[in-house]
Structure formats: structure tokens, C-alpha cells
Amino acid sequence: MSDHLNPQQSDAVHSTQGPLLVLAGAGSGKTRVITHKIAYMILGQGMSARNIVAVTFTNKAADEMRRRLKEMIPAASLKGIRVATFHSLGLQILERHGRLLGYHPPVTVLPSADQKKLLTDVMKDEGIDPGRQPADPLLHIISNLKGAGIHPENFTPGDNPVEAMAARLYPAYQQALQQINAVDFDDLLIQPMRLFEQEPEIRQNLAEGIRHMLVDEYQDTNRAQYQMMRQLVSFHGNLTCVGDDDQSIYGWRGADIQNILKLHDDYPALRIIKLEENYRSSNRILRAANRVISHNTERMEKSLWSQRGDGDAVTLHCAEDDDDEARWIAEQILTFKFKDNARYKDFAVLYRSNQQARILEQHFRAAGIPYKVSGGISFYERAEIRDLISYLRAIANDKDTSALLRIVNTPKRGLGAVAVGHLVQASHRKKISPVEGLYDHEALAALPKAGQEGAKSLGELLANFSFRFEREDLVDTMADLFQNSGLKESILGGGEDMKTIERRLSNVDSLLESVAYYRDTSEDPPTLAGFLQRISLQSDLDRRKEEERDEVTLSTIHASKGLEWPYVFIVGVEEELLPHRNALAEDSVEEERRLFYVAITRARYRLAISQCQRRRRGREYGPAYPSPFLDELPDEGMESTGMGRGRSRQHQEHEIKIEKDVFFDKMKNLLASRE
């Protein structure tokens with residue numbers, strides 16, 4: 001099993017006692033280390049899979065790790081292993097022990113859109129106009145507080161008025177969540193920590209059952225995740241953290257790079273193994289990445305290298321403007337596709353900000369280049385589709401509290417966060433679900449009079465359509481539901497422009513067409529529950545099909561992390577874009593440099609970095625200056641195209657100063673020689 005590991009990887013796999021940090025550079029095979037280590041502990045050391053926990057940062061990464069483990073370990077030996085995200089671990093803990101914190105299983109996890117809706121309701125209850133103060137920045141502050149492990153009672157705001165408002169709303173928002181028996185994603189981290197503080201024997205029992213914990217993408221952890229990790233390994237102390245401080249690019253959402261830089265402080269016996277052999281990129285690409293990141297001061301020393309040879313030169317392209325830049329990229333993609341017999345899916349164009357995609361899309365459409373914009377909103381995530389499907393879910397399953405929370409005041413029924421909280425609490429006292437509470441006189445009586453009529457009418461609507469879906473045509477019934485629920489009227493009267501209204505109504509028509517297709521092709525008698533199951537599977541299938549389509553990827557650098565392509569273009573490497581103007585103001589230049597490093601290391605064979613002499617801002621063009629990061633690239637292994645290699649303003653000013661100094665020295669010498 002160790003035949004395919006290099007010496008450093010093998011060392012990391014066989015180090016199973018005590019704390020270990022695997023400092024895994026980009027493309028160095030870190031996932032292979034984690035899966036081989038789990039296999040070694042189970043098959044080589046006889047450890048029960050039930051005593052191993054592997055933590056990833058996304059469900060997709062967890063699925064991939066499970067797939068690899070199934071290929072390496074017999075199913076019987078793998079039974080009981082926990083491969084999960086920090087958030088899913090937290091949910092498991094709350095489902096088992098949440099009653100001690102006042103939660104009733106099943107606990108509802110609010111999606112982001114519903115968190116915003118709940119906070120907006122809380123703001124209105126507190127007399128704050130969401131039209132004047134948007135909810136998003138307040139949610140961001142509350143999220144970062146929870147990520148830092150700070151509860152409402154422990155937060156003292158500074159002079160920032162938005163921060164002061166967040167401090168005022170945080171406890172009310174938390175109370176509203178508790179009233180509806182719900183948590184947000186950050187609660188899945190901070191509430192288990194509160195449980196461990198109140199009930200230390202629960203923490204002790206959990207920790208005793210974990211003989212080894214492995215954490216992937218460790219550099220992306222926040223303080224709450226770090227504290228959860230420490231608590232869960234507190235008994236056996238066997239821990240493997242795998243990460244790369246040079247790829248820590250999520251500070252804006254709470255990730256704390258100090259977790260990796262100062263891990264040794266909490267674990268003095270920590271071993272550090274560096275994985276520096278890169279299996280992805282050519283050496284010219286790696287030398288560019290190494291040179292750039294070496295300018296950071298907050299990092300652990302490492303230098304990537306590869307056995308793939310030097311490869312092609314890195315292209316530095318200077319365009320006249322962003323039109324010229326996009327046109328050049330389209331031409332390059334078509335050239336390499338023909339010359340190298342490449343596929344469109346082999347190409348990626350990476351940028352710092354989403355707004356940069358628009359002009360690229362225009363030129364790709366004109367050139368007939370198929371593309372996808374990574375991170376775009378999927379069909380089933382569109383608001384009008386989620387609203388209608390939530391009605392269907394509440395009708396099909398009267399225990400679906402999450403669906404009820406989305407529709408209860410959509411469209412408006414006079415039911416704010418406080419009123420919904422009363423309904424949920426009254427329903428729990430009667431041991432019925434909140435959807436069932438809509439039909440219960442006692443539960444409805446717990447609502448303020450203003451909300452009782454709206455809740456009662458919603459209950460009658462759901463009951464009526466539950467009856468109809470069992471007996472009538474699915475398509476006709478769903479069309480009537482869209483009309484009778486008020487959803488259609490809310491779209492028509494929502495104050496949006498006609499083009500947006502038509503697009504949203506067209507999306508609903510597309511959903512009705514998918515119902516008709518299901519009705520006409522289902523081997524079993526068509527039912528509402530069957531359709532909901534079909535689209536649940538279909539949305540996952542659509543994501544897989546999207547990955548298989550032959551299209552160029554347009555993506556922000558943040559969204560590209562963990563991915564790789566044979567050909568990569570990094571566009572707009574200019575002052576105020578990369579590094580971004582906000583980072584310059586917040587003194588976060590080192591994280592921006594890490595972002596540039598991540599972009600460089602996505603490329604396997606060919607890398608092109610472009611910038612413009614002027615860039616459109618709104619309707620006007622303004623001057624664009626090369627990023628100071630371009631000065632940090634090596635001279636060797638680079639080729640300049642377009643208008644020549646750009647140099648930053650700082651570099652140009654430095655060269656002018658040198659020229660002036662040389663000139664004045666010559667003048668001094670000339671004058672001295674004449675005396």
C-alpha cells in the first residue's frame with residue numbers, strides 16, 4: 001500500500017501517535033496521505049473504524065474521501081467510520097444531546113436565505129428598517145462572532161455603528177432561532193462548545209471514542225472549529241492536521257491562519273512533516289509560485305518542486321484594455337484547442353471579482369466558445385423555485401419544519417419571527433410538528449391575534465392541496481397552488497422590471513414542464529412525494545453533468561481552490577483588483593498574495609497572467625496599473641506578449657529615482673572635474 005507514496009508521505013501515514021501537522025503544499029497529494037493513513041490504521045494496526053474521525057470542509061470532499069476509502073478497505077472493516085464536515089459533526093451532537101440546550105429533535109438547520117429572512121423579521125421587531133440597514137453585513141458580523149466562539153453575552157462592540165447594531169440584534173436573533181427550534185450553520189460549531197462547557201461528561205464520552213482524528217484543509221479552520229477539534233481529541237491526543245498556510249484565503253469569512261502557524265503552542269510535542277513534491281505543475285509554474293509567496297512574512301517555510309520538468313514559459317500579457325484582454329484570451333483558447341487537440345474543459349479563466357466575468361462572457365459568446373460561470377445560481381436555488389418547492393414539501397410531509405419556515409410568511413401573512421416562534425413552541429408542547437400546529441386550535445391560540453388568521457389560512461391552503469394532490473392531476477394542481485398561494489401575485493406585484501418578472505415566471509413554467517415529464521414517464525403511479533424525490537436526485541445529477549460538459553470554466557480565484565486545469569489564465573492582475581482595494585485598506589495584502597499563489601498553482605502545463613493599461617469602470621475607462629505582485633515574479637521562465645511586461649507603479653517610481661540619482665551623480669562629478 002505504501003509503494004505509491006514518497007518518503008515524506010509514507011512518514012506521515014505511519015505516524016499515528018500524538019499530534020502531527022502535515023504541511024502539504026499545493027498538488028502534493030494530501031488526500032492520498034489521509035486515505036492511506038486511515039487504511040493503515042484499520043488494516044495495518046487493527047484500529048476499529050468506529051474510533052476514527054476524518055473531517056473535511058465540504059460535503060463533496062467528504063463524498064470523494066468515502067469513495068476512495070471504499071476502494072481501499074473492505075466494507076466490513078470500514079463500517080462505522082465517520083467522514084464528515086465540522087458542521088455535520090456538530091449537527092450529530094445537537095441531535096443527540098440538544099435537549100440539554102433547549103432544542104427538540106429534529107433540529108432545523110436554516111439555509112442562508114432563510115437566516116437572512118429571519119434576521120430581517122427580527123430587525124423589524126426591534127424597530128430597525130431593513131431598507132435603510134441591509135441584513136447581509138449584520139449577518140456577516142454575527143457569523144464571524146460565532147466562528148470566533150463569541151456568544152451574544154460576551155460581545156462588546158467597538159465604535160463601528162454597524163457592529164453596534166449587530167451587538168444589539170445578536171441576542172434577539174439567537175432567541176428567535178431558539179423559538180423556532182432552529183440553528184444556523186455557525187450554531188453547529190458554537191452550540192456544541194456550549195454543551196461541552198455545561199456537560200463535561202458528554203465531551204469526555206465523545207473524546208474517549210475518538211482514537212484518531214484527521215482534519216483536512218486545516219488552514220481554513222476558524223476558532224470555533226479549532227476548539228471543537230481540541231475538545232474531541234482531548235482524551236487520546238492523536239491528531240493529524242493536513243493543510244497549507246500558503247493557501248489560507250478565507251480570512252474574510254473567519255478562517256484564522258494562526259490556527260496552523262501556532263498549533264505548536266497548544267501541542268508542544270507536535271511533529272511537522274512537509275510535503276513539497278508537487279504532482280500537478282511544471283517547475284516554471286512552481287518557481288513563479290514559490291517566488292511570489294516567499295514575500296509573505298507570516299508563513300512556514302516550504303518550496304514546491306516537481307519531477308515534471310521545466311515545461312513551457314509563463315506568459316505575461318499586457319493588453320490595451322479589458323476588451324483587448326478578453327479578445328486575446330478567446331483567441332488563445334481557440335489556438336491551443338486546435339494546436340494541442342485540447343478540450344474546452346481543459347481551460348480555466350480565473351479572476352478576483354465576479355464583475356470581471358461579464359466582458360469575458362461577451363467575447364466567448366462572440367467566438368462561439370462554450371463556457372460555464374462557476375458558482376452561478378442553479379435552477380433549484382432560484383427564489384421562486386425554492387418557494388414553490390417548499391410549499392410542495394410542506395404539503396407532502398407535515399413534519400418538514402424547514403419548508404414551513406420558508407413559506408409561513410411568503411407571501412406576507414403578518415407572521416414575523418416572534419409569531420412563528422410562538423407557533424413552534426406551542427406545537428412542541430403538544431408533541432406535534434409546526435405544520436400540524438397550523439391545524440390545531442390550541443397551537444394557533446398561542447399566536448398574536450394579528451397572525452392567527454394568516455396561519456389559519458395557510459393551514460387550510462396546505463390541507464386543501466394535500467387532498468387535491470392525492471386525487472387530481474399533478475401539473476394542474478401545482479399550477480393552481482402557484483396561483484392560490486399568492487406566489488404568482490407576489491412576483492407580478494414585486495416591483496421588479498418586466499424582464500425579471502418574465503424570467504421568474506418562465507422558471508416556474510419550466511418546473512411545471514418537469515412535473516409533466518415525471519407524470520408521463522414514471523413507471524410507478526405519479527405522486528407528489530415521488531416528484532420531490534425525483535428532483536432531489538435530478539439536482540445532484542445536474543451538478544454531475546455540469547462537471548462533465550465540455551466548457552471553459554470562468555471562476556473567481558476563491559472558487560477555484562482545490563481544482564486544477566491544464567491551461568489557466570489569471571486576468572486583471574492589477575492594483576486595486578489583485579490585491580483588491582479593500583485588502584489594501586484593511587492591511588490584508590498577505591492574504592491577497594496567498595490568493596495569487598493559489599491561482600498560479602491551479603495550472604498544470606500552461607499559465608498566462610494578464611493585465612491592462614486601462615480598464616472600464618462603469619461607462620468610463622480609467623488607467624490600470626500593474627499589480628505589485630507582478631514585480632515579485634522571477635525573470636527566468638517568463639515570456640512577455642502584447643504591450644510588454646507590466647511593472648507596478650512602485651517599481652516604475654523606484655527606477656525613475658535610480659535614474660535621477662545617476663543623473664545627479666554625473667552632474668556632481670562633471671562640476672567637480674571643472675573646478
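Helices are DSSP runs of H or I with at least four residues and strands are DSSP runs of E with at least two, both numbered from the N terminus. This is a predicted model, in which local features need pLDDT of at least 70, side-chain atom pairs count only at pLDDT 80 or more, and totals for chains, interfaces and linings use all residues. Residues are numbered from 1 along each chain as its sequence is written, and side-chain values use heavy atoms, with hydrogens and water left out.

Q: In which loop is P579 found?
A: The peptide bond that leads from L578 into P579 is cis, with omega near 10°. P579 belongs to the loop between strand 13 (565-570) and helix 28 (581-585).

Q: What is omega for the cis peptide bond between T410 and P411?
A: P411 is located in the loop between helix 18 (401-407) and helix 19 (417-429). The bond joining T410 to P411 is cis, and its omega is about -5°.

Q: Is K431 buried or exposed?
A: K431, likewise not a glycine, has a positive phi near 60°. Its loop runs between helix 19 and helix 20 (434-437). With a relative accessibility of 76%, K431 is therefore exposed.

Q: How many aromatic pairs does the rule count, and how many residues apart in sequence are the parts tied together by F57 and F86?
A: Rings of Phe, Tyr and Trp (its six-membered ring) pair if their centres lie within 6.5 Å, with planes under 30 degrees apart stacked, over 60 edge-to-face and the rest tilted; the count is eight pairs. F57 and F86 have centres 6.1 Å apart and planes at 75°, so they are edge-to-face. Because F57 lies in the loop between strand 2 (52-56) and helix 3 (59-72) and F86 in helix 5 (residues 86-97), the parts tied together are separated by 29 residues.

Q: Which charged residue sits over the ring of Y250?
A: A charge sits over a ring if NZ of Lys or CZ of Arg is within 6 Å of the ring centre and within 35 degrees of the ring normal. The charged end that lies over Y250, 3.9 Å from the ring centre, belongs to R253.

Conventions. Buried means under 20% relative accessible area, exposed over 50%, partly exposed in between (1.4 Å probe, protein chains only).
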